Amino acid sequence: MYLFYLDESGCTGTWSGDDTAAQPAIVVMGLLIHQKHITAISQSFLRLKRRNFP
């Protein structure tokens, strides 16, 4: 079985100039992973997270 994760981030509005932090950009990401790799990927991600954010 494969697991699929889909997520989006960003702002679809218009850019109102240099005086605002809002950017008219949106990112859509999809990730397809076979179930047999979930444990290893999860453990690797947690190690990476602990190392960079102790």
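Mentor: Contact means heavy atoms within 4.5 Å. This is a predicted model, with residues numbered from 1 along each chain as its sequence is written. Local features need pLDDT of at least 70, side-chain atom pairs count only at pLDDT 80 or more, totals for chains, interfaces and linings use all residues, and side-chain values use heavy atoms, without hydrogens and water.

Trainee: Which residues is Val-28 in contact with, leaving aside its neighbours within four places in sequence?

Mentor: Leu-6, Asp-7 and Glu-8. The C-alpha atoms of Val-28 and Leu-6 are separated by 7.4 Å. Along the chain, Val-28 and Leu-6 are 22 residues apart.

Trainee: Why is Val-28 called exposed?

Mentor: Exposed means over 50% relative accessible area, buried under 20%, partly exposed in between (1.4 Å probe, protein chains only). Val-28 has 59%, so Val-28 is exposed. Val-28 is found in strand 2.

Trainee: What makes Ile-26 partly exposed?

Mentor: Its relative accessibility is 44%, so Ile-26 counts as partly exposed. Ile-26 is also found in strand 2.

Trainee: Why does Gln-35 count as partly exposed?

Mentor: Gln-35 has 41% relative accessibility, so it falls in that class. Gln-35 lies in the loop between strand 2 and helix 1. Gln-35 and Met-1 are 34 residues apart in sequence. In space, the two are 5.8 Å apart, C-alpha to C-alpha.

Trainee: How much of the protein counts as buried?

Mentor: Of the 54 residues, 4%. The accessible surface comes to about 5000 Å² (Shrake-Rupley method, 1.4 Å probe). Carbon and sulfur atoms own 61% of that surface.

Trainee: Which residues form the nonpolar patch on the surface?

Mentor: Tyr-2, Phe-4, Leu-6, Ile-26, Val-28 and Leu-32 form the patch. Together they have about 690 Å² of accessible area. Strand 1 (2-10) and strand 2 (26-34) each give two or more residues to the patch.

Trainee: What is the order of the elements from the N terminus on?

Mentor: They run β-β-α. The protein has 1 helix and 2 strands. These are DSSP runs (helices H or I, at least four residues; strands E, at least two).

Trainee: What share of the contacts between residues at least 6 apart in sequence join residues at least 24 apart?

Mentor: That share is 41% in the protein.

Trainee: How confident is the predictor?

Mentor: The average pLDDT, a confidence from 0 to 100, is 87. At least 70 is scored by 83% of the residues. Among the elements, strand 1 has the lowest mean pLDDT, 92. Helix 1 (residues 38-52) has the highest, 96.

Key
Patches are made of residues with over 30% relative accessible area and no salt bridge: like charges are joined within 9 Å, nonpolar side chains (Val, Leu, Ile, Met, Phe, Trp, Tyr) within 5 Å. A salt bridge is a side-chain nitrogen of Lys or Arg within 4 Å of a carboxyl oxygen of Asp or Glu.
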